[in-house]
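Biologist: Please take me through this model one feature at a time. Give me the general idea, then the case at hand.

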Amino acid sequence: MKKTNKLKRVVIIGSGFSSLTVSCYLAKVGYNVIVLEKNEQIGGRASILKKNGFTFDMGPSWYWMPDIFEKFYQDFGYTTNDFYQLKKLNPAYRVYFGKNDFIDIEDTPEKIVKTFSQIDKSCEKPLKRFLNEAEQNYQISMKDLVYQPGINITELITKETIKKLPLFVKNIASEVKKITQDERLRSILEFPVLFLGAKPQNTPAFYNFMNHADFGLGTWYPEEGMHSVVKAMQKIATELGVTFKTNEEVIEIKSNKDIANQVVTRKETYPADYVISGADYAHTDTLLGENQNYSADYWKKKTFAPSSLLYYIGFKGALQNVAHHNLFFDTDFKKHTEEIYDQPQFPENPLFYANFPSKSDKRLAPEGYSTAFFLIPTAVDLDDNAKIHQHYLNIILDRIEQNTGENLRDKIVYQKSFGVNDFKNRYHSCRGNAYGLANTLLQTSVLRPKIRNKKLKNVFYTGQLTVPGPGVPPAIISGKIVSDYIIKNTPNG
Ligand SMILES: Cc1cc2nc3c(=O)[nH]c(=O)nc-3n(C[C@H](O)[C@H](O)[C@H](O)COP(=O)(O)OP(=O)(O)OC[C@H]3O[C@@H](n4cnc5c(N)ncnc54)[C@H](O)[C@@H]3O)c2cc1C
């Protein structure tokens, strides 16, 4: 531990996974860290909602890439089990394509390949090849790519990555087409890259490492839900001396010449030697006045990951014909993605995701009741309201009934919705995005918004709008990248 660092005051804006990660790594080497969060709780988009005995994760619910979480805990002398038990889900998820027409994705690649071959015999070989390549890409990506700061193109060039260059000019959709003619199987293979926020047609084929994350590494459930991860990280940070302040909205970052020296909230002014923001990048720039890194125009031209309409539902009883995670792909996948990216508008006939976590964890609902969480991805920048939310909830309830034969509508005892405008208000989300800036070819790695401010040398950005991209594991990686960079490259690091 470096004694001098104790004198270095780090002010972190926002308390999402990226901020929590930076706070832990910098506190570990002796920096004096304070985290300022505008909302009433820590965790950012992974907030928790507790109402009438029901517990809802407000954002992420898929625990993928358990290796990234474990690596983080190990860096602080812990293991995942020190904080929560992980359960591997089987089925990992269920995909509905119509009435009683669904495919269960099981918990090992062997079982999944078998399921696929039973539907399309000819896909076995190409699928195995695709999954082998996905695994290789995952290893290369974790070893050589995702932990890079995105500063210089040379950081991406290794013997292994050069061999993979062709996969950056091909896209996932075209690779998936080669595996099977079956549209249902194709949509399952394209699903993982939706986490990266762009259409499969616009996502480099190299990102099929997400298919390894899906089939190879599996879908896990942390007991008591995703917010357990927030609690674990906050515990580590607190043990290392990090101070957390909630209801503390930052309104300005003040500077003297090329150094930021004060962070001003609605209540107080905090002196700072380093300022790191895990709040949405575009919002952080508005706090910097003329020292912003990018203009409002820059953000308008970017491809954002979708926004979402979200529903938190408490209901009596339980549904039998659903799994923990369910995708309702019983409408036109292509049309919905066009309504998100190409002609932004409310979807006519949306795909949606339905999560029933109390199927795996009874603690999330009072006895005899269940929790549900629904998500419809939408374009950013839409102007939504309560009436629109109710309209789409009705669509979801009808479709669950049509597809599963089970009625949910009459059992609802609690409901709350959250939409595009809520993302803007609650998280200062740029254009109402739910999960950041998409990983298209032109928004990958060195082409993503930079982690360091160009004018103020002690101001840094972390989180899902910078490297490496959207998702909980990438947010953790983003925090590690920024803390490593500060420790290695700044004069007092
Ligand atoms: C509905 C939804 C579902 C998702 N599902 C999954 C999933 O299943 N699996 C997965 O891996 N990922 C998922 N994601 C993505 C994942 O949750 C995010 O990528 C990740 O949590 C983002 O973390 P972050 O550190 O970038 O910041 P955020 O979580 O966005 O945190 C930023 C914080 O900054 C705060 N802030 C903003 N402005 C200020 C200010 N002026 N002053 C102080 N604080 C401020 C905000 O309140 C917020 O708390 C989902 C996201 C959403 C929204």
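Biologist: Is S445 buried or exposed?

Modeller: A residue is buried if 20 or more other C-beta atoms lie within 10 Å of its own, exposed if 12 or fewer, and partly exposed in between, with C-beta atoms placed from the backbone. S445 is buried, because 20 other C-beta atoms lie within 10 Å. S445 sits in the loop between α15 (420-427) and β19. Helices (H or I, at least four residues) and strands (E, at least two) are DSSP runs, numbered from the N terminus.

Biologist: What should I know about the source and numbering?

Modeller: This is a predicted model, in which local features need pLDDT of at least 70 and side-chain atom pairs count only at pLDDT 80 or more, while totals for chains, interfaces and linings use all residues. Residues are numbered from 1 along each chain as its sequence is written.

Biologist: What is the phi of S445?

Modeller: Most residues other than glycine have a negative phi, and most peptide bonds are trans. In S445, phi is positive, near 50°. E224, also not a glycine, has a positive phi near 70°. E224 lies in the loop between β8 (220-222) and α10, and is partly exposed because 17 other C-beta atoms are within 10 Å.

Biologist: Which residues does a cis peptide bond join, with omega about 0°?

Modeller: That bond joins N90 and P91, and P91 belongs to the loop between β5 (86-88) and β6 (93-98). The bond from V467 to P468 is also cis, with omega near -5°. P468 falls in the loop between β19 and α16.

Biologist: How many strands form the open sheet, and in which order?

Modeller: Strands pair if DSSP finds at least two bridges between them. Here 5 strands run in the order β9-β2-β1-β13-β19, with parallel pairing. β9 (243-245) and β19 (459-461) are the edges, each pairing on one side only. Within this sheet, β13 (residues 274-277) pairs with β19 over 3 bridges, and I276 has F460 as its bridge partner.

Biologist: In which sense do β3 and β4 pair?

Modeller: β3 (residues 48-51) and β4 are antiparallel, over 4 bridges. K50 stands opposite T55. Their hairpin has 2 residues between the strands, and N52 takes a positive phi near 50°. From β4 (residues 54-57), F54 and F56 point one way, T55 and D57 the other, and all are buried.

Biologist: How is the chain divided into domains?

Modeller: The bounds come from an automatic or database domain assignment. They give domain 1 (5-46 + 225-302 + 437-489), domain 2 (80-106 + 306-434) and domain 3 (108-217). The C-alpha centres of domain 1 and domain 2 are 29 Å apart. Counting a contact when C-beta atoms, placed from the backbone, lie within 7 Å, 11 residues of domain 1 touch 9 residues of domain 2. On the domain 1 side, α10 (227-239) and α11 (281-286) each give two or more residues.

Biologist: Where does the ligand lie?

Modeller: A residue is near a molecule if its C-beta atom, placed from the backbone, lies within 6 Å of it. The ligand lies between domain 1 and domain 2, because both give residues to the shell around it. Of the 38 residues around the ligand, G14, G16, G44, P60 and G463 come nearest. α1 (17-28), β14 (307-316) and α16 (472-489) each supply at least two residues of the shell, and α1 gives the most, with 3.

Conventions: Contact = placed C-beta atoms within 7 Å.
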